[in-house]
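Please read the following note beside the sequence and the model.

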Amino acid sequence: MSATVFAGALFAGPVLAGPLRANANDVPLADIPALVLPALGETLIMVGIVMAVVVVVGVPLGAIIHNLARDGLFPNPSLHSALSWIVSVGRSLPFLILMVAIIPFTRLLTGTNIGIAAAVVPMSVAGIAFFTRIVENSLRSVPPSLVKVAKSSGGSSFQIIRTAQLGEAVPSLIGGLTINTIAMIEYSAIAGTIGAGGIGYVAITYGYQRFDNQVMLATIIILVALVAAVQVIGDALVRLTTPHSSTASDRRFARKVARLDIESANAASPV
Amino acid sequence: MITLEKLTKVYGHGENAVTVLDNLDFSVGAAEIFAVVGPSGAGKSTLAQCVNLLERPTSGSVIVNGENLSQLNESQLRTARRRIGTVFQADGLFSRRTAAQNIALPLGYLGVTSRESKSRVAELLDRVGLSSRADYYPHQLSGGQRQRVGIARALALKPTVLLADEATSGLDPDSTASITSLLKELRDDLGLSILFITHEMQTVLQVADSVARLDHGHIVESGRVVDLLRDPSSELGRALNPAKPAQVGAPDESSWFISYSSAGVPTDWVTRLAADLHSPVSLLGASIETIGGNAVGHATVGLRASDPQAVIAAAKRLGLDARLTDSVTDSASSPKAGAAVSADDLSDAVPTDRGVTDTGAERGTERAEREFAA
């Protein structure tokens with residue numbers, strides 16, 4: 001017996017019987033995986049495509065905006081405020097509104113306004129605006145002295161951005177990417193309302209429109225697990241890319257250093 | 001060889017213009033270490049940025065090996081920067097790169113093949129004595145080791161000029177000594193011209209051949225370190241080797257401040273002076289040392305001889321400069337006794353004169369803030 005039916009039995013008085021009671025149209029428990037797993041695959045594809053676009057566009061855009069600022073590598077205040085303003089507009093619209101508002105643009109690009117392809121466009125727009133700000137913020141946390149070092153070492157602007165700015169900000173960028181990916185999983189569920197497919201679509205059509213609580217619960221569990229998995233992977237990558245984080249390998253290294261020092265001290269002054 | 005000609009840097013325009021560097025002229029020869037000292041706000045960091053071409057001077061020139069680098073366009077400037085190695089203050093290493101990868105940075109920018117880069121990095125690590133630390137990250141190195149990595153990186157492209165911008169500031173005395181001896185070794189082996197910018201007088205004494213004192217954008221005094229130390233009228237010389245408080249002499253003695261003013265001071269000058277003046281010499285305080293193989297120093301002595309002219313003449317024959325310190329009674333009551341003659345005006349070297357130190361520091365901060373705002 002499923003948890004929902006149990007819950008329904010517990011709460012349902014004669015009056016409140018409606019939405020919580022399992023009804024005849026419900027997807028049988030055994031069929032839920034067949035319904036939900038392909039949807040999970042669609043969500044992963046959608047979020048995957050969007051995140052690829054977001055990184056490819058967001059990283060350079062964030063780096064450019066950062067360096068157009070007054071103390072950047074190629075300062076240009078007017079261009080900086082123009083780009084910054086555009087990004088802010090992208091950031092300020094709630095996703096549902098943005099999605100509907102840019103339907104003509106989506107149609108122009110994909111030729112359709114439903115399905116995965118149509119969802120990817122507004123998600124990318126929102127994701128790029130989000131990630132551009134994250135990149136800017138990450139770059140701001142890199143010590144400016146490193147840019148000076150890179151400059152005096154003869155680096156070009158591109159080399160300096162790659163090594164002294166993005167290179168040093170990698171852990172922070174991965175942390176931001178994690179937040180961004182989770183936001184995109186959320187957006188993909190919202191995109192389900194325009195028939196984008198994926199977990200969100202299943203949750204809306206079965207869970208909401210057909211009151212199928214078992215399916216709703218299944219989608220919730222999957223979304224929670226997915227977000228948790230992204231967070232765990234993201235955190236691990238941040239630790240992996242930060243040499244000065246305290247990890248087991250670091251402690252091993254410290255022991256090795258101590259041993260080497262003792263050995264070299266012994267070699268220098270033989271007893 | 002690096003020469004600065006009438007180097008001037010002005011921030012801001014019109015009424016708000018602040019002249020941070022005012023017509024600086026000096027030259028650092030091959031295999032010479034030239035120190036620039038000064039309190040904070042004197043313009044030292046601006047000077048460093050003009051020399052390594054991160055800032056364009058308002059007027060004047062930076063000339064390296066005969067080529068004027070201050071008139072180049074942006075892309076030429078990038079190439080020119082490679083001829084000047086810069087050692088930054090301790091925070092200049094990339095935290096996500098190992099020692100070897102940090103040193104390889106300028107080679108990577110230049111597009112050197114990875115095989116060539118590897119052998120050059122190994123050579124440089126060996127040069128600075130860190131071969132066993134190639135794969136360590138900066139946080140796993142000590143302050144002195146990090147600075148050695150910085151020096152190796154500055155040398156990666158075989159520059160003829162090395163700029164050390166507060167390279168030993170914030171290091172403990174042992175690390176500072178190891179960095180200064182490394183710099184001297186590099187100067188001798190590679191014939192580098194090293195411009196050493198610092199606020200630490202003691203380090204200047206350890207490392208520099210010549211020194212200039214920068215204050216409010218002007219060079220107020222400069223010269224060879226030994227010459228300055230031997231010139232009793234040099235404020236900078238006294239700031240470099242300040243006299244410590246001396247003992248108080250007997251009531252019938254007059255207190256004299258004796259300083260080495262030439263190369264030929266005999267080691268037994270105390271005995272000779274006593275014989276010459278027919279007076280015992282009471283040694284009340286002294287500091288004698290060799291700087292780069294030259295004996296320098298000063299002493300406070302008590303003499304019973306009555307004729308000051310005779311004392312000065314006798315000291316001069318021994319290659320010494322003699323001056324009466326302020327009156328004997330004054331030195332008896334004042335804790336700075338023998339230091340009476342030493343630099344009262346040199347705010348950052350002599351901590352006894354609080355008033356001067358404080359105003360100096362305030363002016364410095366004010367200036368630094370204006371620099372920052374501009």
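1. Ala134(B) is buried, because its relative accessible area is 16% (buried means under 20% relative accessible area, exposed over 50%, and partly exposed in between, with a 1.4 Å probe and protein chains only). Ala134(B) belongs to the loop between α4 (114-127) and α5 (143-155) of chain B; helices (H or I, at least four residues) and strands (E, at least two) are DSSP runs, numbered from the N terminus.

2. The model is a predicted one, in which local features need pLDDT of at least 70 and side-chain atom pairs count only at pLDDT 80 or more, while totals for chains, interfaces and linings use all residues. Residues are numbered from 1 along each chain as its sequence is written, chains are lettered from A and ligands numbered from 1 in the order in which they are written, and side-chain values use heavy atoms, with hydrogens and water left out.

3. Which residues does Ala134(B) touch, not counting those up to four places away in sequence? They are Thr98(B), Ala99(B), Ala100(B) and Leu125(B), where contact means heavy atoms within 4.5 Å. As for Ala99(B), its C-alpha atom is separated by 5.2 Å from that of Ala134(B), although the two residues are 35 residues apart along the chain.

4. The interface of the two chains deserves attention. In chain A, 27 residues are in contact with 28 residues of chain B. The area buried between the chains is about 2400 Å², and carbon and sulfur atoms give 57% of that area; buried area is the accessible area (1.4 Å probe) that two parts lose on being put together, summed over both.

5. How many salt bridges does the rule find across the interface of chain A and chain B? The number is zero, a salt bridge being a side-chain nitrogen of Lys or Arg within 4 Å of a carboxyl oxygen of Asp or Glu. Nine residue pairs across this interface are in polar contact, both residues being at pLDDT 80 or more (a pair of N or O atoms within 3.5 Å; within protein, one must be able to donate a hydrogen and the other to accept it, and residues adjacent in sequence count only if both atoms are side-chain atoms).

6. On the side of chain A that touches chain B, α7 (144-152), α8 (157-191) and α11 (248-268) each supply at least two residues. The most comes from α8(A), with eight residues.

7. Over all chains, the whole structure has 18 salt bridges. Side chains of opposite charge can pair when their charged atoms come close. One such bridge joins Glu136(A) and Arg133(A) (2.5 Å, N to O). Both residues lie in helix α6 (residues 116-140) of chain A, three residues apart, about one turn of the helix. Glu136(A) is buried, at 6% relative accessible area, whereas Arg133(A) is partly exposed, at 24%. Together with Arg140(A), these residues are linked in a network of salt bridges.

8. In chain B, Lys44(B) forms a salt bridge with Glu166(B), with 3.9 Å between the closest N and O atoms. Lys44(B) lies in helix α1 (residues 44-51) and Glu166(B) in the loop between β7 (161-165) and α6 (173-190), so the pair ties together parts that are 122 residues apart in sequence. Both Lys44(B) and Glu166(B) are buried.

9. Another salt bridge is formed by the side chains of Arg127(B) and Asp189(B) (2.5 Å, N to O). Arg127(B) is in helix α4 and Asp189(B) in helix α6 of chain B, 62 residues apart. Arg127(B) counts as partly exposed because its relative accessibility is 26%, and Asp189(B) counts as partly exposed at 48%.
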